[in-house]
Amino acid sequence: SGYVGPWTPTPTTFNNLYYTLLLNLKWEPNTVNGKFQYKDPSGKLMMLPSDIALIQDEGFKKYVQAYAADQNKFFADFAAAFQKLEELGTSGLSA
């Protein structure tokens, strides 16, 4: 994709840290490999414009705030959404 860096310092751990960092760190515009993205003050983490949109849009920001504040809510909502995706299945697929 050309984007550089992880979203969190724990990219292989399932938690709400993405939301906490998105909400609480100052994200600065940064262009790497010709791709526009954002970096945190340490320069070690990144966010995409689509991530930053989640805190700029009030409709989405309320979810970021809720998930940053309550990891159990994030887990419960994720589990419910993932279960729904699994159970809906697919149709009309061909190789």
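In the predicted model, K35 is placed over the face of Y3, 5.4 Å from the ring centre, where a charge counts as sitting over a ring if NZ of Lys or CZ of Arg is within 6 Å of the ring centre and within 35 degrees of the ring normal. Residues are numbered from 1 along each chain as its sequence is written, and side-chain values rest on heavy atoms, with hydrogens and water left out. Because the model is predicted, local features need pLDDT of at least 70 and side-chain atom pairs count only at pLDDT 80 or more, whereas totals for chains, interfaces and linings use all residues.

Twelve aromatic pairs are present in the structure, a pair being rings of Phe, Tyr and Trp (its six-membered ring) with centres within 6.5 Å, and with planes under 30 degrees apart counted as stacked, over 60 as edge-to-face and the rest as tilted. The rings of F14 and F75 are stacked, because their centres lie 5.2 Å apart and their planes stand at 15°. As F14 belongs to the segment before α1 (17-24) and F75 to helix α4 (residues 71-88), this pair ties together parts 61 residues apart in sequence; helices are DSSP runs (H or I, at least four residues) numbered from the N terminus.

Y19 and Y67 form an edge-to-face pair, with 5.2 Å from centre to centre and 65° between the planes. Y19 lies in helix α1 and Y67 in helix α3 (residues 58-69), so parts 48 residues apart in sequence are tied together by the pair. Both Y19 and Y67 are buried, that is, under 20% relative accessible area (1.4 Å probe, protein chains only), with exposed meaning over 50% and partly exposed in between.

Key
Helix = DSSP H or I, 4+ residues; strand = E, 2+ residues; numbered from the N terminus.
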